[in-house]
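Dear colleague,

Please read the notes with the model open beside them.

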Amino acid sequence: MKIAALLLPVALSVPAPEQGERLPVHIGGRAVAEGKALRFGWPGTYFEGRFRGTDVTVAFDTRTDFYRVLIDGKVFQTLTKPERTELRVKGLKPGVHTVRLEKLTESQSGGGIFLGFFTSGTPMGAPALRNQIEFIGDSHSVGYGNTSPTRDCKSQQVHDTTDTSAAFGPVLAKRLGADYRVIAYSGYGIVRNYAGKFPGENLPYLYARAIPGEAGAAAPDKGWRPGVIVINLGTNDFSTPVHAGEAWADDAALRADYRVKYIAFVRARQAAQPGARVLLMGAENFYADVAAVAAATGATPVKVPALEMTGCNWHPSLKDHRVMADLLAATLRTPKR
């Protein structure tokens, strides 16, 4: 049976539509409830619902982000126009279906608004997976410019060619049949951001936030108990030389501070999720520091090999992300020492 889709732009003052029965929703990531709507901003956030019937409506405000809608695990449509939208999917084969909306691009400020899934059929319990993985990192975890055909990118091109769902974290999680969260922010590090920008504001500083560009902390979530936490931080700490006026006299002082603060950050994650196995990724230029942090915390160090880096501005390509997913999968198959 042919599937039809109808896109309806909706004025921002109009409340969430009630196109039939509202579906219970499984949230992959952090979100803030405002009435029946959910605001969100971290990369890779997704929403899933399940229903019995032949139609479903996906209602959301794209703001500046790109989104993908999947029906029964297959890509149905990618939406790139910034507007408040109802995507109506009709003509599905009678039976039980799943619907998924996933965020592709990074929003360092603002974010999106999810208004709900609706059907004229019968809502069913939201799908949820037993296993959970958390990915904490920078632009490499975001999937910065990973679909770009060129390394030379302006800021808009970076935005448009970023697909977090194809970054190593979501790729690995989907292989393992796990729910995931990506708490990552391009340009940020453990103690130092790219080129020393925004001193004192780093990834550990942002980690607790519900939405990256807002100061509010995420509400406690007793349902989030990841069995694995993967952290990939250090690229920005060491990608440029320390310059005059920064908090560190030289590279040695920076590395010492990185190790101390990273150990504290890992221990905080272990205290919050005591059952999780922690993997720490590091490239050649800072792997010794990562290995030292792993030794001090009982985490597992993972050395990232040289990558082709043909994404935007010398970032990992889709192939590179698959390589990193393979590496992590192999590591997880090895018992923890």
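Contact here means heavy atoms within 4.5 Å. With that in mind, among contacts in the chain between residues at least 6 apart in sequence, 76% join residues at least 24 apart. Please remember that this is a predicted model.

As for the chain as a whole, it has eight helices and 18 strands. Its radius of gyration is 20 Å, close to the 20 Å that the globule rule gives for 337 residues, so the chain is as compact as a globular protein of that length. The C-alpha atoms fill a box of roughly 65 × 40 × 35 Å along the principal axes, and 52% of the 337 residues count as buried.

The helix pair that I looked at is H3, residues 168-176, with H8, residues 318-333. The crossing of H3 and H8 is right-handed.

On the H3 side, the contact is made by Phe168, Val171, Leu172, Arg175 and Leu176, while H8 contributes His321, Arg322, Met324, Ala325, Asp326, Leu328, Ala329 and Leu332. Sorted by class, the contact of H3 with H8 has nine nonpolar residues, one polar residue and three charged residues.

Definitions and conventions:
Residues numbered from 1 in each chain as written. Predicted model: local features only at pLDDT ≥ 70, side-chain atom pairs only at ≥ 80, totals over all residues. Heavy atoms only, no water. Axes fitted to C-alpha atoms, helices over the stretch in contact; angles between N-to-C directions. Helix = DSSP H or I, 4+ residues; strand = E, 2+ residues; numbered from the N terminus. Left-handed = near helix turned anticlockwise from the far one by under 90°. Nonpolar A, V, L, I, M, F, W, Y, C, P; charged D, E, K, R; others polar. Rg over C-alpha atoms; globule rule 2.2 N^0.38 Å. Buried < 20%, exposed > 50% of the residue type's maximum accessible area, 1.4 Å probe, protein only.
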